[in-house]
Amino acid sequence: MRIAIVTVFPEMFAAVSEFGVIGRAVKDKKLNLEFYNPRNFAEDSRKTVDDKPFGGGPGMLMKTGPLVAAIRAAKTSSLENSRPEPKVYYLSPQGKAIKQSCVESLAEEDDLVLVCGRYQGIDERVIRSEIDEEISLGDFVLSGGEVAAMALIDSLGRCQPDVLGDVGSLNEDSFSNGLLHCPEYTRPGNFEGHAVPEILLSGHHEAIKEWRQEQSLKVTWEKRPDLLEAATLSKKQESQLKKIKSQADKAK
Ligand code: 9D3
């Protein structure tokens with residue numbers, strides 16, 4: 001997968017390209033990041049990349065000329081390499097908040113362009129003419145699109161074949177089945193007076209599997225009841241959930 005990133009701060013992306021499993025994927029060229037910096041497309045000797053909003057008001061916008069030139073260069077690079085024109089996504093607080101299912105469909109693309117805004121954002125006409133879709137991470141405020149783009153790249157990267165190895169192929173992540181994962185424990189067997197649930201030391205694989213499925217329902221019910229509303233549960237899970245709820249009632 002190629003991801004072209006339009007940003008005035010390409011150095012920030014070391015956070016994904018140099019660390020962990022995604023850093024490994026970048027080094028192995030399973031994930032190819034290309035950078036297009038509007039500053040390199042600036043029209044004046046001061047390399048200006050910001051401009052004042054018409055109508056006045058606080059803050060600046062990204063300067064239109066250098067931004068558009070950078071976006072077009074990112075698209076042209078695909079055409080030059082005889083690839084179809086990529087979709088262009090603008091990371092924006094006004095976009096649609098993405099979910100795991102959106103990331104999974106985006107990960108099917110083999111080429112995309114991510115535009116990172118700085119300052120107060122970009123000219124509306126640039127959105128109309130250059131952007132296919134606006135995407136957000138959710139309803140909280142960042143100071144620019146880069147951190148959001150990195151989160152998206154990280155998430156896209158781990159969807160690529162052979163990036164996660166064992167752990168990924170099991171596909172037991174939260175959200176893969178619409179539920180949260182069960183609690184996990186590692187050594188020591190007794191941590192500051194708190195013992196690991198006995199069943200995990202029993203060696204009964206079937207019983208452990210059953211316990212984990214039940215715990216998964218329990219934590220989802222406790223922490224994210226909204227996910228349970230959306231999930232389709234099996235008969236087995238419905239009865240497990242009933243048991244969990246009645247045990248919680250008794251504990252009250
Ligand atoms: C259009 C909103 N602006 C009103 C004055 C303020 C503004 C807030 C945040 C302008 C730019 C930004 C920078 N944010 C992002 O670029 C961003 C973002 C976010 O803030 N929250 C969640 N997801 C994203 S994706 C990009």
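This is a predicted model: local features need pLDDT of at least 70, side-chain atom pairs count only at pLDDT 80 or more; totals for chains, interfaces and linings use all residues.
## Who builds the ligand shell

Strand 5 is the top contributor to the shell around the ligand, putting in four residues.

Altogether, 17 residues surround the ligand, and the closest are Q94, L137, F140, L142 and G144.

## Polar contacts and cover

Now for the atom pairs. On the nitrogen side, a ligand nitrogen sits 3.0 Å from a polar backbone atom of L137, a residue that is also listed among the closest to the ligand. S136 comes in through its side chain instead, with a polar atom 3.4 Å from a ligand nitrogen. For oxygen, there's a ligand atom 3.2 Å from a polar backbone atom of G145.

As for where the ligand sits, that's the second largest pocket.

## An aromatic pair

How many aromatic pairs turn up? The count comes to one. The partners are F13 and F35, in a tilted arrangement with 5.4 Å centre to centre and 55° between the planes.

Why does this pair tie together parts that are 22 residues apart in sequence? F13 lies in the loop between strand 1 (2-6) and helix 1 (14-17), while F35 belongs to strand 2 (residues 32-36), so the pair links those two parts.

Terms used
Residues are numbered from 1 along each chain as its sequence is written. Side-chain values use heavy atoms; hydrogens and water are left out. A residue is near a molecule or strand if one of its heavy atoms lies within 4 Å of it. A polar contact is a pair of N or O atoms within 3.5 Å; within protein, one must be able to donate a hydrogen and the other to accept it, and residues adjacent in sequence count only if both atoms are side-chain atoms. On a 1 Å grid over the protein atoms alone, a cavity is a set of points where a 1.4 Å probe fits but cannot get out, and a pocket is an open set with protein on both sides within 12 Å along at least five of seven lines; lining residues have an atom within 4 Å of a point. A molecule sits in a cavity or pocket if more than half of its atoms lie within 2 Å of its grid points. Rings of Phe, Tyr and Trp (its six-membered ring) pair if their centres lie within 6.5 Å; planes under 30 degrees apart count as stacked, over 60 as edge-to-face and the rest as tilted.
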